[in-house]
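This report goes through the strands, the helix, the charged pairs and a surface patch in turn. Please keep the sequence and the structure at hand while reading.

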Amino acid sequence: MERENVEKYLKENLKGFRVEARKLMTGGWTILNPILFLEFKDGSEMRFYDPEMNLEKWEDAQWEK
């Protein structure tokens, strides 16, 4: 799907988004990893798990294909 089509789809169908934290326990440390949820008008949602949440890097990689 081309970038313009994706942007159009999101503008027409995206209801909202939220970010939640997932707790990871490692060696006595608690690490919070963000989970990004995209909520759509039809009730569905998409989840993105990325410990770095470098959205600029992710976006560049997606559109280079």
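## Sheet and helix

In this predicted model, strands β2 and β3 run antiparallel and are joined by five bridges. Across this pair, Phe37 has Arg47 of β3 standing opposite. Strands of a sheet pair through backbone hydrogen bonds, in either a parallel or an antiparallel manner.

The sheet as a whole is open and has three strands, ordered β1-β2-β3, with antiparallel pairing. Strands β1 (14-26) and β3 (45-49) are at the edges and have a single partner strand each, so one side of each has no neighbour in the sheet. From one strand to the next, the twist averages 25 degrees. Helix α1 packs on the sheet, where it touches β1 and β2. The direction of α1 makes about 100 degrees with that of β1.

## Salt bridges

The structure holds five salt bridges. One of them links Arg3 and Glu7, with 3.1 Å between the closest N and O atoms. Both residues belong to helix α1 (residues 3-13), and because they are four residues apart there, about one helical turn separates them. Arg3 is partly exposed, at 32% relative accessible area, and Glu7 is also partly exposed, at 37%.

Another salt bridge brings together the side chains of Arg18 and Glu20, at 2.8 Å from N to O. Arg18 has a relative accessible area of 28% and is partly exposed; Glu20, at 36% relative accessibility, counts as partly exposed.

Glu45 and Arg47 also form a salt bridge, their closest N and O atoms lying 3.5 Å apart. Glu45 counts as partly exposed at 34% relative accessibility, and Arg47 is partly exposed with a relative accessible area of 49%. Through salt bridges that share partners, Arg18, Glu20, Glu39, Glu45 and Arg47 are joined into one network.

Trp29 lies in strand β2, which covers residues 29-40. Is Trp29 buried or exposed? Its relative accessibility is 64%, and because exposed means over 50%, Trp29 counts as exposed.

Terms used: Residues numbered from 1 in each chain as written. Predicted model: local features only at pLDDT ≥ 70, side-chain atom pairs only at ≥ 80, totals over all residues. Heavy atoms only, no water. Helix = DSSP H or I, 4+ residues; strand = E, 2+ residues; numbered from the N terminus. Buried < 20%, exposed > 50% of the residue type's maximum accessible area, 1.4 Å probe, protein only. Salt bridge = Lys/Arg side-chain N within 4 Å of Asp/Glu carboxyl O. Pairing = 2+ DSSP bridges. Axes fitted to C-alpha atoms, helices over the stretch in contact; angles between N-to-C directions. Contact = heavy atoms within 4.5 Å.
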